[in-house]
Amino acid sequence: EWIKTLYLFWVKRQKKHIRVLIIGKGYLSVVLRKILERQGDRAVVHSLAKNPEAIERTISRSRIDEVLLANPEVKHLEAVQIAEFCERKGISFRLLPNILEVRMGEVVIDDSLGIPTFEIKSISLHGSAFLTKRLIDLTLSTLFLGIMFFPLFIIGFLIKLTSTGPIFYEHKRMGFKGRTFQFMKFRTMVQNADALLKDLVKKSDRPGPVFKMKNDPRITSVGNILRRLSLDELPQLLNVLKGEMSLVGPRPQVLWEAANYNEWAKKRLNVLPGITGLWQVSGRAELTYDEMIELDIFYIEHWSPGLDFKILLKTLPAGQRPEN
C-alpha cells in the first residue's frame, strides 16, 4: 500500500499540470474554473454528469489527479461513492459546501483555492502515517518476541502435553482491504472446534454478526488459563511481522461475520487489523456490536502514534483480552 502511495505521488510530481475535474454547472462551477485557470498549474476538465458511474468513467478516461464537486444535485451518498472511488485511485476529492450531511470527522475545510471547500478525508491510513505505524509495529513486535521466546516455548510444550492436536490454531480471517490471511493463536480448544461451532452459533451471548460465548465447552483446561491471561494471542506477533496485522487496530473478523458487514462496518477494513484495539480497553464484552464498530471507525479517523501507545499501555497491565 505504501509503495502504491509513493508511486502515485511521484507520478503527480512529474506532471507540469495537475488535471482537475470540476463536476457541476451554474455559478459555483464557473467561478471555480476561473480561479483554477488563473493559477496556471492546473488543466481543467468540466463535466455535467450526475451519475457516479459516468463520473468514474470520466475520471479514468481523462487521467484526472483531483476532483472538485460543485453540483448540489448530486446526493450525498453518491458524493461519498465518488470520494471512495477517488480514494482507491489515489485521487484527491473535494466538494464545495453544499453537502453538510457527511459524517463529522471525515471532513476537512480547505481554503487553498481562495474559497472554502470541504475535502472528504480518507478513512484509512496511508502515506507517511502508514509507514510510521508499520515501523512501530515491526520494532515492538520484534522486541516482544525476543523477550517472550522462553515463555512461548513452555506454552507450546504444555499445549502438546495436555491435548491432542497442533500447538498453533490457524484460521482464515478478513483483513486489510478485504484480503484474507491465516490468523494465528495458541490452540486453546479441542481439535475439532470449528466443526462444533455450527451447533453453538445460536447460543451466542452477543447480538449481531459475531459469535461470543462465555462458557464455551470447546475450550481445554490449559486453553482456559491461556485465554484468561491473554497469552494465546502472542503468536499474532508473527502476523504483525508478516504485515498481515498491526499491534493496534480493529480485530480481524472470521469470514462469515465480515460477509454480514454493512457499508459503514466495511470501513474498518481500511486499516490493518490489530491484536488489541480501542474497544478492547473501552468496555470490552459489555459493548454492543454497533458500539464496537463505532469505536473502530473512531480509532481509524483519529489515529496517532500516541493513541496506539495509550491503547497498548491500557491493554498490557490489565491483561485485556482481544475478542475473537
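Student: Which residues have the most contacts inside the largest nonpolar core?

Tutor: In general, nonpolar side chains tend to be buried together in soluble globular proteins. A nonpolar core here is a set of buried Ala, Val, Leu, Ile, Met, Phe, Trp, Tyr and Cys residues joined through side-chain atoms within 4.5 Å; buried means under 20% relative accessible area (1.4 Å probe, protein chains only). The largest one has 38 residues, and Leu247, Tyr299 and Ile311 have the most contacts inside it. Elements giving it two or more residues include α5 (127–147), β8 and α12 (305–318), while α11 gives the most, with six residues. Helices (H or I, at least four residues) and strands (E, at least two) are DSSP runs, numbered from the N terminus.

The model is predicted: local features need pLDDT of at least 70 and side-chain atom pairs pLDDT 80 or more, whereas totals for chains, interfaces and linings use all residues. Residues are numbered from 1 along each chain as its sequence is written, and side-chain values use heavy atoms, without hydrogens and water.

Student: What is leucine 247 in contact with, leaving aside its neighbours within four places in sequence?

Tutor: Contact means heavy atoms within 4.5 Å. Among the partners of leucine 247 on that basis are Ile136, Leu140, Val240 and Leu312. Apart from this core lies another, of 17 residues, including Val45 and Cys86.

Student: How many bridges join β7 to β8?

Tutor: Two strands pair if DSSP finds at least two bridges between them. Seven bridges join β7 (residues 168–174) to the antiparallel β8 (residues 180–186), with histidine 171 partnered by phenylalanine 183. Five residues lie between the strands of this hairpin, where lysine 177 has a positive phi near 60°.

Conventions
Buried means under 20% relative accessible area, exposed over 50%, partly exposed in between (1.4 Å probe, protein chains only).
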